Structure formats: C-alpha cells, structure tokens
Amino acid sequence: MSSERPVNSRFEEDLPFTEAPGGPPRYQDWTEKPVQYFTVVDKERLVLGHVWAGDEDDAATYEPRKAGGPEAVNEGASWIRRLRNAKARGIRPSQALAELYADPEPGGRGRPLPGSLAEAPSPAVVEALAGPYGPVRMVHPVQYVTVTAPDGEVVGYVWGDAETAEWILRPAGSISAYDAGSEWYRKVTDLRERGLAPLAVLTELAREPGVGPVTGAPSTAAVEELARTVTPADDWRLLAQLRRDDHAAWQELADAFDALTDEDRNVQWGGGEMKANGVIQVAYPIHSKPLWRTVTALYHVGAVTGEHRWVDNPMPEVPPGGLLHPADAVRAATAVVRGERLCEGTLSHALKIGLFDAVGESLRAWYAACGTELAPDLPPR
C-alpha cells in the first residue's frame, strides 16, 4: 500500500504549496497503518486540529479542524515545524508525538489537550474527527470500537463513556450492513441489560470477529462524524448497480432526457378544490408522459436502487460545476424517484433546482467515460 497522502488533504486544500526537492527532513504525511494522535486546543479548549504519528511508515503531521477556518490552518505551521525538527534529530514519529504531547506550552496558540492521546486504525479516522461535524469544544471524551463485516465494509460503531454504551450505524452502508447493524444493536442492548459497565461492553465486543480495538475519541460527535463518512467503497457499491453493458437502456436514457421540454419540467398541480359535499380534494402533481419516460429510463439503467438507503441520507446537492459525482447521481436518482412515492412534489422540486437534470447529465457523462480506453476508475470528489 502506498504511503503517499491522497491529493484531497484538507491541509493542502486550505494552504497549498509545493515543496522543492532537497528540503528539510520530514516525516511522510500519510499512511494506511495505525497511528497515535492527540487533540490541539486553544486556551478556551476550542479544537484547532489534531497531530498524529505512525512508526510503520515513518509518518506524522498536523490535521486542522475543517470548520476551524484560518486559525486552525495557521496553527499547523508551528506543529509541522516541530515535527520536522524531530525528524532532523532522527527520532521515530511516536517519540516525536510523545514529546509534543508532553509540552503543555508549545509556544503557539494551540496546546495539547490533556487526556486526548489516543490510538486510531489509520489517519482517516483522525481526518473524520477533524471533519465539518467534528467537535468544536472538547468536553466529554469517549471510547469506541469499529465493527466491520467479513467483506471489509465498516458496519458501524459502538461508543461508551462512564454512563452508557450505544450503537451507531453508518447511513452510507449497504443493505447487508444495515441488516447486520440490527444484530449489533441487539448485542449492545443485551450486554447493557446484563449489567455490564459501558466500557466493559466495549471490551467484551472487542473480542468478537470483525471488531477493532477500543479506541479513544474526543466526543460522541466525533464518532458520529466517522459514521457519516462516505468511503470509496460506498461509491463503488452504487456504481456497481448501474447496468453498464445495457447499451439500449443508456441510449433510451439519453433520448428521454433530450426530449424533455421546459413545459415538461414545469410540473403543474391538480386537485385542491372543494367538492359539493365540502370535502377538499388533496392536491397532486401532474407529470407529463415524457417526464415519466425519464423516470422509467433511470430504473432501466440501474440508477434507482435499494442499495442506497435514501431515507437515512441527505439529498445530494448540485455542485457549482453542475456535474454530480456518478455515485451521488445514483443517490439523487434513488432519493428523488422513490421519494416521490412518499412525498408528492419531490420530483417537481428536483426539476426546479436543477437536480433532476444534473442526474441525467452526470450519469450520461459517466457512461460516456466508461466507453473510452482511458475511463476513470473512480472520479475524485
């Protein structure tokens, strides 16, 4: 496995730079292996970021909190500098981390949060903790275990503190993971009802196959952020639902969307009138035949699938460029088409905001790319 950090590093997005060859010694800034980390806070204990290190790939860096703005990003300069000084002295990343954690007054605005030193199965966990829904203020650390299916998919997490232990299911997971989650919820409930202390519940579950080691997290919000993370495997699973080799179905999808007119997109409503007996008829959208043709075409190419649990996930938004990630196009198609059954008007709203047309355009672009010799493995987000 390559130890190169993915190009979508949050730190590099916020503070891009290109380091010249032959620069100062530095640790690698990515690894897929387990790491240790601690949380960096200011004097008010507002979270600025996290410093992590792993010896297996000689890696260590600072991860700013996504919602921390320029202050969180700028804080990284002092931590990166100190890590490079440690590398120049020839010590292991874990030793460097221990030194930084032990220094309560590092000189910058941020300082290590006492009691926050923990282990994680990879830096991806630390990135999730630093994500947009990560904790703003450190007030209530917890511990958790990761539950993984036999095929490697993360099903969910069990977290515990001094008072309780709870199960959190990943909304982006597969249907099989959802079914497995029901069993894990039962296991957690049974252990609690047997009178086990919350942390004893984690210890007991950590002995089972597919369960990772007990790991520290700064708060329940951090574990919830982990559960909200959408992985490339989640995207691949949805793209696998598309019937790539059914060329007739894809041609029909293109023809159906091309045939839509502004009149088809401007959905009118019927009903709503009061009848002679005083009963008011429920209003309902009137969809044209060409519009229903596009809905049928989405079914036929596999873009409407039970593998996306649309009720548990937010509706994708149209990005500035207008093209959705193809997996998000599947998510949106499923949510709009199936959502119309439960809440009439979902389709007309998707048309009004441009989401429905973005679904068609994005799926057609993905199919066109699949027909080339240089078809992308998985488009970047």
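Me: Contact means heavy atoms within 4.5 Å. Leaving aside neighbours within four places in sequence, which residues is Phe 356 in contact with?

Reply: Bear in mind that this is a predicted model: local features need pLDDT of at least 70, side-chain atom pairs count only at pLDDT 80 or more, and totals for chains, interfaces and linings use all residues. Residues are numbered from 1 along each chain as its sequence is written, and side-chain values use heavy atoms, without hydrogens and water. With those sequence neighbours set aside, Phe 356 touches Phe 257, Leu 291, Thr 294, Val 295, Leu 298, Val 336, Leu 347, Ala 350 and Leu 351.

Me: Which residues touch the most other members of the largest nonpolar core?

Reply: A nonpolar core is a set of buried (under 20% relative accessible area; exposed is over 50%, partly exposed in between, 1.4 Å probe, protein chains only) Ala, Val, Leu, Ile, Met, Phe, Trp, Tyr and Cys residues joined through side-chain atoms within 4.5 Å. The largest one has 35 residues, and the members touching the most others are Leu 242, Leu 253, Leu 298, Phe 356 and Leu 363.

Me: And which elements give two or more residues to this core?

Reply: Elements here are DSSP runs numbered from the N terminus: helices (H or I, at least four residues) and strands (E, at least two). The ones giving two or more residues are α8 (232-239), α9 (247-259), α11 (289-300), α12 (326-342), α13 (346-352) and α14 (355-370).

Me: Why do the buried residues of α3 sit on the same side?

Reply: Helix α3 (residues 93-102) has Pro 93, Ser 94, Ala 96, Leu 97 and Leu 100 buried. They share a side because the arc they cover, taken from the directions from the helix axis to the C-beta atoms, is only 155°.

Me: Is Ala 102 buried or exposed?

Reply: Ala 102 belongs to helix α3 too. Its relative accessible area is 58%, so Ala 102 is exposed.

Me: Where does pLDDT stay under 50?

Reply: pLDDT is the predictor's confidence in each residue, from 0 to 100. The chain's mean is 87, with 88% of residues reaching 70 or more. Where pLDDT is low, predicted coordinates should not be read in detail. The stretch under 50 is residues 1-20.
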